[in-house]
Amino acid sequence: MSNTPPRDPARFGQSTRLVHAGRDPSAQYGFVNAPIYRGSTVLFPTYDDLMHRRGRYDYGTSGSPTMDALKTAWSELSGAAGTVLTPSGLAALTVALMSVTSAGDHLLVSDSAYRPTRLFCDGVLKRYGVEVTYYDPLIGAGIVALMRENTRAVLVEAPGSQSFEMQDVPAIAEIVHAHGAAVVMDNTWATPLLFPAHERGADIVVEAGTKYLSGGSDLLLGLTSANAKHWPALHRTFEHFAMCAGPEDVFLALRGLRTMALRLREHGRQALAMAEWLQTRPEVLRVLHPALPDDPGHAIWKRDFSGASGLFGVILKPAPKAALAAMLDGLELFGMGFSWGGFESLVIPFDCTPYRTATRWEPGGQGLRFHIGLEDIADLQADLDAGFARLRAAM
Ligand SMILES: *Cc1c(COP(=O)(O)O)cnc(C)c1O
């Protein structure tokens, strides 16, 4: 039994790679996991070494063995040339977008993008002279009509935040690359385990590690990976901002990574069971989940994804706000709060109407976003069943 990393890990299956990626027990006295290196200063043995910045590490912001373990693992699992780690998923998105745009450039952003991404584009990028246009997430190869001479990047997210529209990433990537521009993808929902974004055409891929890498709602972290073409600019931009992640959070993310395939499988199975059950409920108008055969995004999902995670939406039949409040306030097991990806189930009302600009959001009722945790399905259904009874009683 070896205490060194396996050679040529690409020949292994995904679950095996998840276990071994980024680990080298022989470099740490045989201990299985990389230790937490806390540190700013790195000492140089000689004047000459200092002047030439010789040595694997030179300062805490640019890396440590703890950071390297996660960066190496993530690049390997994502099929990327390199990865940077940031203190949040949103920070990972901002670094990604700053690395591909300059004043005078044009950026295309899906109308279904994570809302804080939009706020960054409108609040910061525009101020620095980047023109931002939002586009219909279902546009596919039609993106060609929106490409301009100065379009530098196109941001995609599949499925869309809250609304769960599926985007045809390979079709968009083909057009974008023909124009010499970059595809930036927020792949938080699927992770590289369910959607190999780089392989499907994304150049720079963002993951909010806060969600499924953690799996415990106990840390904030972002990962941005890039292919060989975009890695130098991404790395340079990251170094300028020095927006580095904390070592404890990186350690927890590494710990989460080892069980991520197992957890995703269970979240996915549970969520699909809940989605199917919700489809049978008379209070529900529509379920937004790409793994359901009648979902408009199902064909793309089936072609490009190898599974679904634990997050989906429903549209309720029209109900007064007081009835919705009665339903949600009395839930025993579902928590109400932002973020997702942990072991515990969550529900949150959503409405895309106020911020959509390229498309109209008119689903015909109140939206609810569910994250399905690891509880017993029967208990979750009973909790919602009682909630629906309160909803009906308050109508
Ligand atoms: C949560 C989330 C983010 C941001 O992650 P934070 O760590 O909370 O900043 C980005 N994109 C998507 C799709 C998310 O759900």
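**The ligand site**

Mentor: Start with leucine 90: a polar atom of its backbone lies 2.9 Å from an oxygen atom of the ligand. This is a predicted model, so read each distance as computed. Glycine 89 also uses its backbone, with a polar atom 2.7 Å from a ligand oxygen. Tryptophan 340 uses its side chain instead, where an N or O atom is 3.1 Å from an oxygen atom of the ligand. Next, the cover. On its own the ligand exposes 380 Å², and the protein buries 89% of that. The ligand sits in the largest pocket.

Now the shell. It counts 14 residues, and those that come nearest are Gly89, Leu90, Asp186, Thr210 and Lys211. Helix H4, residues 89-100, gives the most, with three residues. By class, the shell has six nonpolar, five polar and three charged residues.

The structure has two cavities of 30 Å³ or more. S6 has the largest share, three residues. Five of the lining residues are nonpolar, four polar and one charged.

The second largest cavity holds about 40 Å³. Among its lining residues are Thr61, Met67, Lys71 and Phe238. That lining divides into five nonpolar, three polar and one charged.

Definitions and conventions. Residues are numbered from 1 along each chain as its sequence is written. This is a predicted model: local features need pLDDT of at least 70, side-chain atom pairs count only at pLDDT 80 or more; totals for chains, interfaces and linings use all residues. Side-chain values use heavy atoms; hydrogens and water are left out. A residue is near a molecule or strand if one of its heavy atoms lies within 4 Å of it. A polar contact is a pair of N or O atoms within 3.5 Å; within protein, one must be able to donate a hydrogen and the other to accept it, and residues adjacent in sequence count only if both atoms are side-chain atoms. Accessible areas come from the Shrake-Rupley method with a 1.4 Å probe; for residues, only the protein chains shown count as cover. On a 1 Å grid over the protein atoms alone, a cavity is a set of points where a 1.4 Å probe fits but cannot get out, and a pocket is an open set with protein on both sides within 12 Å along at least five of seven lines; lining residues have an atom within 4 Å of a point. A molecule sits in a cavity or pocket if more than half of its atoms lie within 2 Å of its grid points. Helices (H or I, at least four residues) and strands (E, at least two) are DSSP runs, numbered from the N terminus. Ala, Val, Leu, Ile, Met, Phe, Trp, Tyr, Cys and Pro count as nonpolar, Asp, Glu, Lys and Arg as charged, and the others, Gly among them, as polar. Grid points are joined across faces, edges and corners, and a volume is the space filled by probe spheres set on the points.
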